[in-house]
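Here are my notes on the helix packing in this model. Please read them with the structure open.

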Amino acid sequence: MVHIGAALSSGALFLLRGLAAEAGSGLGMSAPVRYLSYSIDTVLLTAALMLASMLHRVPLADAWLTTKIGLVVAYIVLGSFALKRGRTARSRRVFFVSALLVFTAIYALARQRVL
């Protein structure tokens, strides 16, 4: 439950930060919001590692877990370009939408695996 809650919190905060950036507000990149994001992501990563160890999953041995990890890396990279590294407003928007699509794919993969 901690992993699910942290994952949904991470995605929701990313969505809010991206919308704030699109609106021209600096709130999404303010120190408290960034630190909240780091904290949520740390809880998420810790919960994921604990869950993998409790379920005796080896990340590169299970195809679905390997896919999920690859998608998470893509989400992080796209999110970074969406919030701060994109050179133009248009490119940041494309990265933002792409990151949201990847997050949706991660969620769908996780739901498929749970059911």
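How do the axes of helix H1 and helix H3 cross, and within what distance do they come? The points below start there.

1. Basis. This is a predicted model, in which local features need pLDDT of at least 70, side-chain atom pairs count only at pLDDT 80 or more, and totals for chains, interfaces and linings use all residues. Residues are numbered from 1 along each chain as its sequence is written, and side-chain values use heavy atoms, with hydrogens and water left out. Helices are DSSP runs (H or I, at least four residues), numbered from the N terminus.

2. H1 against H3. The axes of H1 (residues 2-22) and H3 (residues 63-85) come within 11 Å and cross at roughly 25°. That makes H1 roughly parallel to H3; the term covers angles under 35 degrees. Axes here are lines fitted to C-alpha atoms, for helices over the stretch in contact, and angles run from 0 to 180 degrees between N-to-C directions. The crossing of H1 and H3 is left-handed, so the near helix is turned anticlockwise from the far one by less than a right angle.

3. The H1/H3 contact. On the H1 side are His3, Ser10, Gly11, Phe14, Arg17 and Gly18. They meet Lys68, Tyr75, Gly79, Ala82 and Leu83 of H3. Contact means heavy atoms within 4.5 Å. By class, the contact of H1 with H3 has four nonpolar, five polar and two charged residues. Ala, Val, Leu, Ile, Met, Phe, Trp, Tyr, Cys and Pro count as nonpolar, Asp, Glu, Lys and Arg as charged, and the others, Gly among them, as polar.

4. H1 against H2. Helix H2 covers residues 31-54. It packs on H1 at an angle of about 150°, with the axes 9 Å apart. H1 and H2 are therefore roughly antiparallel to each other; that class takes angles over 145 degrees. This crossing of H1 and H2 is left-handed.

5. The H1/H2 contact. H1 contributes Val2, His3, Ala6, Ala7, Ser9, Ser10, Leu13 and Arg17. H2 contributes Val33, Arg34, Leu36, Ser37, Ile40, Asp41, Val43, Leu44, Ala47, Ala48 and Leu51. By class, the contact of H1 with H2 has 12 nonpolar, four polar and three charged residues.

6. Helix lengths. H1 has 21 residues and reaches 30 Å from its first C-alpha to its last, close to the 30 Å expected at 1.5 Å a residue. The expected span is 1.5 Å times one less than the number of residues. H2, with 24 residues, should span 34 Å, and its end C-alpha atoms are 34 Å apart, which agrees. H3, with 23 residues, should span 33 Å; its end C-alpha atoms are 31 Å apart, which agrees.

7. After the helices. Gly24 follows H1 and has a positive phi, near 85°. His56 follows H2, also with a positive phi, near 55°.

8. Buried residues. Buried means under 20% relative accessible area, with a 1.4 Å probe and protein chains only. In H1, the buried residues are His3, Ala6, Ser10, Gly11, Leu13, Phe14, Arg17, Gly18 and Ala20. In H2 they are Val33, Ser37, Ile40, Leu44, Ala47 and Ala52. H1 is part of what covers the buried residues of H2. In H3, Leu65, Lys68, Tyr75, Leu78, Gly79, Ser80, Ala82 and Leu83 are buried.

9. Ser10 of H1 is buried, with a relative accessible area of 10%. Leaving aside neighbours within four places in sequence, Ser10 is in contact with Ile40, Asp41, Leu44 and Tyr75. Phe14, also in H1, counts as buried at 8% relative accessibility. Beyond residues up to four places away in sequence, Phe14 touches Tyr75, Gly79, Ala82, Leu83, Phe96, Ala99 and Leu100.

10. Is Leu83 buried or exposed? Leu83 of H3 counts as buried, at 14% relative accessibility. Leaving aside neighbours within four places in sequence, Leu83 is in contact with Phe14, Arg17, Gly18 and Met29. With the same exclusion of neighbours within four places, Phe81 is in contact with Gly86, Arg92 and Phe95. The C-alpha atoms of Phe81 and Arg92, 11 residues apart along the chain, are separated by 6.2 Å.

Definitions and conventions. Helix = DSSP H or I, 4+ residues; strand = E, 2+ residues; numbered from the N terminus. Parallel < 35°, antiparallel > 145°, perpendicular 65-115°, else oblique. Buried < 20%, exposed > 50% of the residue type's maximum accessible area, 1.4 Å probe, protein only.
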